[in-house]
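Here's a protein model to look around in. Take a moment with the sequence and the 3D view, then read on.

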Amino acid sequence: MSAVQTGAATLAGDQDQRRPVLELKNIHVRHSIKGLSLFGKETVFALTGANLSVSAGETVGIVGESGCGKSTLAKAIVGLQKPSDGEIYFNGASLWDMSADRRRTEFGRNVGMIFQDPSTALNRRLAIRRILRDPLDVHGIGDGASRDRRVRELMNLVGLPESAADALPTQLSGGQRQRVAIGRALALGPSLLVADEPTSALDVSVRAQILNLLLKLQKEMNLAMIFISHDIQTVRRMSDRIATMYLGRIVEEVPSALTPEGVAHPYTKALLSATPSILDEINPISLEGPVPSAVRPPSGCPFRTRCWKASSECAQEMPPVSVLSQEPLHTLRCFHPVNSGDASAPTPSI
Ligand SMILES: Nc1ncnc2c1ncn2[C@@H]1O[C@H](COP(=O)(O)OP(=O)(O)OP(=O)(O)O)[C@@H](O)[C@H]1O
């Protein structure tokens, strides 16, 4: 049990493990930007109707290429980006219907975020002890002595030596800095943790340590976790379920344990084939052309311009969500799913 009483009474969640900690319903995020032409502004469709839920003790991985909307989704989940449309529910309460004060205090205490680059995410002028204590000070948790105890507890939790307490972030290694960032995200005892590419700025040699730490903490604390990466193999390892994103949309949600033959969306299949594990046979599916612009997304299914199975139907409308399996959840937005008997789809190895 933590040395400091953390978490909020009403948003901290109940014991009902079946109710999702987080639910996204038809989330859209549009950015208005200065247009390239003389005709003024243009709209970036960063998220287009994202639906997602995650429960206590569950990790949902988000995967997709650069620019598909992963970070926008993360920012929307933690309240840093207000959706243009749609609803976000946290333990059943609508995030944007609650008062700004409640969002900052109760919601803020229950959600932790880990960013990609700990060098920029941590205040370089503050000692580690101050960085870890800061959330407790801001939220007025406990007294001075209990906050200090909590800092020691957090350092122990994330595997930092006591000697690191007085160091500045610049005096630590990249891996140690990310441990600090994880400790800070967990300081208030959140029920939801969002990790946005938490190892992509780190040396390959320490990535596995940080991933193992996250896995361990997520299990020990029964956290609901959103784990974001462009690397589907890392996402598979970390998650119970994978949500594949393409140009602002979640196009498939698939259990991580599923074999490649069970994956149904051509894009998920292509991602799997592009990152085979070292021991497996490499049989890549190469996608033609670049990812289309989020300012002018293709009509219908946005993946159709690179999809080897696309038909004229795909240009007409975005395929609706079909639920291939409820338990475990497998959803799909595709008119022409790939499957094991499909000769036109190369079978990747993973
Ligand atoms: N503040 C903003 N203003 C305008 N456009 C934005 C803004 N933030 C994101 N975008 C655009 O929204 C789309 C989604 O961006 P986002 O950063 O969410 O993608 P991503 O999948 O996280 O990419 P990466 O892996 O490169 O970080 C991109 O086209 C991006 O250029």
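## Before you dig in

This model is predicted, so to speak of local features takes pLDDT of at least 70 and side-chain atom pairs count only at pLDDT 80 or more, while totals for chains, interfaces and linings use all residues. Residues are numbered from 1 along each chain as its sequence is written.

N222 is not a glycine, yet its phi is positive, near 55°. You'll find N222 in the loop between α7 and β8 (224-229); helices (H or I, at least four residues) and strands (E, at least two) are DSSP runs, numbered from the N terminus.

E197 also isn't a glycine and has a positive phi of about 50°. E197 sits in the loop between β7 (192-196) and α7 (204-220). E197 is buried, because 21 other C-beta atoms lie within 10 Å.

## A cis bond

E327 and P328 are joined by a cis peptide bond, with omega about 0°. P328 belongs to the loop between β11 (322-325) and β12 (330-332).

## Around the ligand

There are 14 residues around the ligand, and H31, A46, S66, S71 and T72 come nearest (a residue counts as near if its C-beta atom, placed from the backbone, lies within 6 Å). Helix α1 gives the most to this shell, three residues.

Key:
Buried ≥ 20, exposed ≤ 12 C-beta atoms within 10 Å, placed from the backbone.
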